[in-house]
Amino acid sequence: MKDILIMGIESSCDETSIAIVKNGREVLSNVINSQIKIHEEYGGVVPEIASRCHTEVINQIMKEALKEANVTIDDIDAIAVTQGPGLVGALLVGVSYAKGLSYVSNKPLIAVNHIEGHIAGNYLTYSELEPPFLCLIISGGHTHLVNVKSYNEFEILGRTKDDAIGEAFDKVARVVGLGYPGGPKVDNLAKEGKANIDLPVSHFDNYDFSFSGIKTAVINLNHKNPNLNKADLCASFEKAATEMLTTNVRKAVKEFHADKIVLAGGVSRNSYIRDSFDKLSDELKIEVYYPEPILCTDNAAMIGAAGYYNYTNGERADLKLNAVPNLKIGE
Ligand code: KG4
Ligand code: ZN
């Protein structure tokens, strides 16, 4: 069978990335230009600056992606682009660029949901992984527990009622003085601390999550007692936030008789969360999967992988394609 090459384009937040992916499973190139250094001084992503940076670099990133994969645009079967969710101005840069490239190169255009992209990041790490499985997407913008029924069918079982988990990590990092982006910094500092501070973990009858109570408790404790050990605070935060995740996953695995749980999104890089899911894997006798670190945070290879499954499913976008900042999974 002929190989299918998909060009993935991602610009939903602060990474401009273009990748070439073979048959939905193999990364030929995955060029990522992160704007972290630019946004660092503002303590978070500034949407207008993000859009402007995408515009400046996107064409160069495309050329590098082709060169690294050792292919030309003629070799590409389709162009897949993140349509949403994300920052509207940032998304529009990628969508408009993809439309232009699709038009001039006469290649089909494929719209990709960013969250479905995060899930597909796992197909690039595990060549044997196939749906159905339960997937926990934990990122800066999203916290979803999803029943992945097939490559193109998704059922959301639960979602956060307030902050995304990554947002809570970033906020905690900011209040304890670690700076942006906070997730990896909390991860490192927590390793030096003890999870000896009790924080409130919400429990729901369904599969929803909540992180704002845990986050606010950390902020208040830190405010009232500035001498509190920051490493202990970080470790306690991670323990409480992870308990919120494992409680729901444990429940869902039992109800759905799942034999695998797949993690995705930037926060799935977290070492405490990975350790906790490894333990859960032993406890529940299930397989746990998480993408290699570079495929956890935003990148275009995951968009190319998800785009491949949309392409082979016959989905095609046209030049009316628009960015949808609150695009829902499965739409
Ligand atoms: O998936 P991603 O790149 O962007 C979104 O789609 O949101 O996730 C970024 C998030 C940020 O909140 C960042 O702090 C968090 O992932 N993150 C981590 C770690 N590495 C990245 N959070 C906890 N521990 C980490 N090691
Ligand atoms: Zn993301």
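H257 counts as exposed at 71% relative accessibility (exposed is over 50% relative accessible area, buried under 20%, and partly exposed in between, with a 1.4 Å probe and protein chains only). The model is predicted; local features need pLDDT of at least 70, side-chain atom pairs count only at pLDDT 80 or more, and totals for chains, interfaces and linings use all residues. Residues are numbered from 1 along each chain as its sequence is written, chains are lettered from A and ligands numbered from 1 in the order in which they are written, and side-chain values use heavy atoms, with hydrogens and water left out.

The phi of H257 is near 50°, a positive value in a residue other than glycine. H257 sits in the loop between α8 (230-256) and β9 (260-264); helices are DSSP runs of H or I with at least four residues, strands are runs of E with at least two, and both are numbered from the N terminus. K285 is likewise not a glycine, and has a positive phi of about 55°. K285 belongs to the loop between α9 (271-284) and β10 (287-289), and is exposed, with a relative accessible area of 69%.

## Zinc site

The zinc ion (ligand 2) is coordinated by NE2 of H114, NE2 of H118 and OD of D298, at 2.0 to 2.1 Å. Donors are N, O and S atoms within 2.8 Å of the metal (3.2 Å for Na, K and Ca); water is not among the atoms, so sites may look incomplete. The site of the zinc ion (ligand 2) has four donor atoms, with angles of 94 to 132° among them, and is tetrahedral. Four donors count as tetrahedral if all angles lie between 85 and 135 degrees; they count as square planar, and six as octahedral, if opposite donors are over 155 degrees apart and all others between 65 and 115, and anything else is irregular.

Along the sequence, the donor residues of the zinc ion (ligand 2) follow the spacing H-x3-H-x179-D. H114 lies in helix α4 (residues 114-125) and D298 in the loop between α10 (293-296) and α11 (301-312), so this pair ties together parts that are 184 residues apart in sequence. H114 is buried, at 4% relative accessible area; D298 is buried too, at 15%.

## Cis peptide bonds

G84 and P85 are joined by a cis peptide bond, with omega about -10°. P85 is in the loop between β4 (78-84) and α3 (88-105).

The peptide bond from P131 to P132 is also cis, and its omega is near 5°. P132 is placed in the loop between α4 and β6 (133-138).
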